[in-house]
Amino acid sequence: MIPAAVEYTRPSTVDAAIEVLADEDAKVLAGGQSLIPLLRLRLSAPTVLVDLGALADLRGVRQDGDDLVIGAMTTYDAILRDPLVGRYAPLLAAATQTVGDRQVRHLGTIGGSLAHADPAGDLPAVSLALDATMEVTGASGTRSVPATEFFVDYLTTALAPGELLTAVRVPNNRVAQGWALVGVAALCRRDNGNIADIRVALANMAPTPVRATAVETALTGAQAHHTAIIPACDRAAEGTSPADDLSASAGYRRHLACVLTKRAITGCIAGYVDET
Amino acid sequence: MARISITVDGVRYDDDVEPRTLLVYHLREQLGKVGTVVGCDTSNCGACTVLMSDPDGRLVGVKSCAVLAVQADGRQVVTIEGLAGPDNTLHPVQKAFHERHALQCGFCTPGMIMAAVDLLTDNPDPSDAQIREGLEGNLCRCTGYQNIVRAVRDAARDLREAGRSAAPAAPTPLAGEDETPDSGLPREQVPDEVIPQPVP
């Protein structure tokens with residue numbers, strides 16, 4: 001289980017990285033925690049690895065107005081240690097805590113997770129619920145891609161060859177929870193006992209993370225009470241196409257989506273709601 | 001080939017490596033650090049865990065089968081062979097594993113100890129639940145977890161009583177040579193066939 005022969009470069013600027021990435025068979029190496037196992041199984045066979053390890057500008061979390069800007073090369077561990085994330089994006093902190101194990105969290109990066117776009121990944125669904133925006137740099141300049149447009153298909157994103165995800169911009173949110181066989185990320189805003197605004201995103205219920213629109217429609221403006229929430233959550237799997245595989249049947253995933261949506265929304269209403 | 005420089009257990013090694021070389025094979029086959037083992041070969045079991053400095057210089061646990069040797073260029077690495085102190089005393093985590101018999105076949109032990117050192121450096125007083133969660137990346141196929149948890153708990157207590165961090169002491173170049181506690185026969189009496197050789 002040795003990777004196939006590959007060339008390697010560790011550029012010292014984003015521009016130099018983009019230049020190499022123009023080659024369609026080049027592959028970005030961030031933390032390597034998804035890529036290296038794939039290289040070893042020879043499921044991925046790039047001609048050149050572009051190691052972003054020397055790009056210090058892509059590491060770290062900063063505040064920009066009301067937004068939190070998280071560099072693509074920020075590790076899970078650094079996200080968990082960051083006071084800004086704990087304060088402004090507790091959902092991201094909670095979900096990151098469940099990613100891999102300590103060793104994986106020391107090397108794995110948020111940008112790597114999002115660009116890898118594994119349907120079972122936690123952070124793609126979290127980015128969708130947080131209404132995050134991906135900051136992308138290419139030869140022709142930079143562009144912003146909303147999370148809703150970033151995840152295109154199984155392991156496929158809106159990144160074009162020659163483009164690099166440099167940061168994730170997260171609006172100031174207050175939110176709850178995240179899983180893996182099926183994951184649910186929910187954000188609610190309550191107004192005088194009613195649900196003023198609700199967004200629910202599902203991980204691993206389709207080739208991309210998807211919003212549970214039936215639940216959102218049923219609950220927007222509804223009373224923040226179990227009599228409204230429970231029947232609405234039974235519709236969480238509407239319009240989804242979960243995988244039927246060794247880990248779980250599609251039916252079980254639909255069941256989980258409903259159960260976890262109930263938990264996520266209930267948790268959200270109970271403890272994580274910003275009522276100001 | 002790529003030129004890399006890694007400081008392993010206090011000794012700097014400059015080598016030409018193929019970019020596809022995994023750190024664990026570089027450690028074992030090029031540098032002879034066979035204390036670090038390859039377990040599952042799929043980055044699940046954690047047997048290959050070593051400490052590696054992050055960009056800020058902090059030593060953190062990583063699975064050396066999921067790191068390319070080129071990614072370790074310029075970094076510090078501490079393996080199980082560099083954990084004992086310069087005065088030949090076992091690290092408190094090693095000592096506690098010994099005293100609590102926190103191993104059965106022993107194959108997971110190097111990774112389990114390095115992961116425990118990483119955990120205790122971060123959290124000097126973990127609950128049993130935090131110990132189990134902290135070691136979730138390491139598997140013991142003998143299922144000898146009870147004594148492993150006891151050993152980590154003991155080591156945490158010993159470290160706190162001694163008022164020291166679990167972070168390894170400055171590694172000694174003597175590690176792996178004739179002054180480590182498990183050195184066995186003096187080197188000149190060791191038969192050639194048991195000395196690890198790089199695989200051609």
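Me: Is Val210(A) buried or exposed?
Reply: In this predicted model, Val210(A) counts as buried, because it has 22 C-beta neighbours inside 10 Å. The cut-off for a buried residue is 20 or more.

Me: Which element holds Val210(A)?
Reply: Val210(A) belongs to strand E13 of chain A, residues 210-211.

Me: What is Val210(A) in contact with, sequence neighbours aside?
Reply: Leaving aside neighbours within four places in sequence, Val210(A) is in contact with Leu202(A), Met205(A) and Thr240(A). There is also a pairing across the sequence to note: Phe151(A) is 59 residues from Val210(A) in sequence, and their C-alpha atoms are 9.4 Å apart in space.

Me: And Leu202(A), what does that one contact?
Reply: With neighbours within four places in sequence left aside, the contacts of Leu202(A) include Val210(A), Pro209(A), Ala212(A), Thr240(A) and Ala257(A). Ala125(A), Val182(A), Gly183(A) and Val184(A) are in contact with Leu202(A) as well.

Me: Which residues touch the most other members of the largest nonpolar core?
Reply: Leu202(A) is one of them, along with Ala129(A), Ala186(A), Ala257(A) and Ala116(B). That core has 140 residues. Helix H3 of chain B, residues 109-122, gives the most to this core, namely eight residues.

Me: How many residues of H3(B) are buried?
Reply: H3(B) is mostly covered, with 12 of its 14 residues buried. Among them are Met112(B), Ile113(B), Met114(B), Ala116(B), Val117(B) and Leu119(B), and also Asp118(B).

Me: What do those buried residues of H3(B) pack against?
Reply: Part of the answer lies in chain A, where they pack against helix H6 (102-107). Within chain B, they pack against E3, E4, helix H2 (92-99), helix H4 (128-134) and helix H5 (145-162).

Me: What span should H3(B) have?
Reply: At 1.5 Å a residue, its 14 residues should span 20 Å. The end C-alpha atoms of H3(B) are 20 Å apart, which agrees.

Me: Changing topic to the two chains. How many residues of chain B are in contact with chain A?
Reply: There are 26 residues of chain B in contact with 24 residues of chain A. On the chain B side, strand E4 (59-63) and H3 are the elements that give two or more residues. E4(B) supplies the largest share, four residues.

Me: What classes of residue are on that side of chain B?
Reply: The side of chain B that touches chain A has 11 nonpolar, eight polar and seven charged residues.

Me: How many helices and strands does chain B have?
Reply: Chain B has five helices and five strands. Along the sequence, they follow the pattern β-β-α-β-β-β-α-α-α-α. Of the 200 residues in chain B, 46% are buried.

Me: What domains does the assignment give for chain B?
Reply: Domain 1 covers 2-83 and domain 2 covers 92-162. Their C-alpha centres lie 21 Å apart. The contact between them takes 16 residues from domain 1 and 13 residues from domain 2.

Me: Which residues of H11(A) are buried?
Reply: In helix H11 of chain A, residues 226-233, the buried residues are Ile229(A), Ala232(A) and Cys233(A). Seen down the axis of H11(A), they fall within an arc of 90°, so they line one face of the helix. The face turned away from that buried side carries the exposed residues Thr227(A) and Pro231(A).

Me: One last topic, phi. What is the phi of Asn192(A)?
Reply: Phi of Asn192(A) is near 50°, a positive value in a residue other than glycine. Asn192(A) is in the loop between strand E11 (183-191) and strand E12 (194-203) of chain A. Asn192(A) counts as exposed, because it has 7 C-beta neighbours inside 10 Å.

Me: And Ser43(B), buried or exposed?
Reply: Ser43(B) is buried, with 25 other C-beta atoms within 10 Å. Ser43(B) has a positive phi of about 60° although it is not a glycine, and is found in the loop between helix H1 (23-30) and E3 of chain B.

Technical notes
Residues numbered from 1 in each chain as written. Chains lettered and ligands numbered in written order. Predicted model: local features only at pLDDT ≥ 70, side-chain atom pairs only at ≥ 80, totals over all residues. Core = buried A, V, L, I, M, F, W, Y, C linked by C-beta atoms within 7 Å. Contact = placed C-beta atoms within 7 Å. Nonpolar A, V, L, I, M, F, W, Y, C, P; charged D, E, K, R; others polar. Arc of directions from axis to C-beta. Domains from an automatic or database assignment. Expected span 1.5 Å × (residues − 1).
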